[in-house]
Amino acid sequence: MSTQREPVMARASARHILVKDKAQCENLKKEIEGGRDFAAVAREHSTCPSGKQGGDLGEFGRGQMVPEFDQVVFSGDLNTVHGPVQTQFGYHLLEVTSRKD
């Protein structure tokens with residue numbers, strides 16, 4: 001019987017806002033930094049279906065999202081709005097809400 005523990009895969013929870021252009025993304029970031037609620041902005045502007053849930057993506061593991069997304073989610077500060085982050089889908093604002101390494 002082995003006493004070695006299986007390695008635990010890093011997990012994170014995040015929410016995001018996806019828009020088509022960088023300028024809109026930057027403007028939305030300013031609104032959130034100015035006090036607007038992230039979830040409300042996501043519901044109003046995000047083109048991703050997650051926008052209906054305030055941008056909530058739930059919990060996921062490293063490698064489940066595109067590399068640009070993973071890099072921010074698994075290294076960026078918690079509860080901070082990051083972005084614009086460009087991916088093949090458009091421009092994202094990301095907020096990492098929890099992370100377990």
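1. The note opens at the end of helix α1, which is followed by G35, a residue whose phi is positive, near 120 degrees. Helices here are DSSP runs of H or I with at least four residues, strands are runs of E with at least two, and both are numbered from the N terminus. The model is a predicted one, in which local features need pLDDT of at least 70 and side-chain atom pairs count only at pLDDT 80 or more, while totals for chains, interfaces and linings use all residues. Residues are numbered from 1 along each chain as its sequence is written, and side-chain values use heavy atoms, with hydrogens and water left out.

2. As to the overall layout, the protein chain holds three helices and four strands, and from the N terminus on these elements run β-α-α-β-α-β-β. Along the principal axes, the C-alpha atoms fill a box of roughly 55 × 25 × 20 Å. Buried residues make up 42% of the 101 residues, where buried means under 20% relative accessible area, exposed means over 50%, and partly exposed lies in between (1.4 Å probe, protein chains only). Among contacts (heavy atoms within 4.5 Å) between residues at least 6 apart in sequence, 58% join residues at least 24 apart.

3. The geometry of α1 can be checked against its length.

4. Which residues of α1 are buried? They are C25, L28, K29 and I32. Seen down the axis of α1, these residues fall within an arc of 105 degrees, so they line one face of the helix; the arc is that of the directions from the helix axis to the C-beta atoms. An α-helix has 3.6 residues a turn, so residues three or four places apart point the same way. The buried residues of α1 pack against β1 (11-19), α2 (38-45), β3 (81-87) and β4 (90-100).

5. On the cysteines, a search of the whole structure finds zero disulfides, a disulfide being a pair of cysteine sulfur atoms within 2.5 Å. C25 is in no disulfide, and the nearest cysteine sulfur, that of C48, is 13 Å away, a separation that is too far for a bond. C25 is itself buried, with a relative accessible area of 1%.

6. Turning to the strands, β1 and β4 pair in the antiparallel sense over nine bridges, with L18 standing opposite H92 in β4; two strands are taken to pair if DSSP finds at least two bridges between them. β3 and β4 also pair in the antiparallel sense, over five bridges, and here Q86 stands opposite Y91 in β4. A hairpin joins β3 to β4 through two residues.

7. Two residues of β3 deserve a remark. P84 lies in this strand, and the peptide bond from G83 to P84 is cis, with omega near 5 degrees. T87 also lies in β3 and, at 7% relative accessibility, counts as buried. Not counting residues up to four places away in sequence, T87 touches V66, E68 and H92.

8. Leaving aside neighbours within four places in sequence, E95 is in contact with S13, A14, R15, F38, N79 and T80.

9. The last point concerns N79, which is placed in the loop between α3 (67-73) and β3. Phi of N79 is near 55 degrees, a positive value in a residue other than glycine. N79 is exposed, with a relative accessible area of 53%, and is one of the residues in contact with E95.
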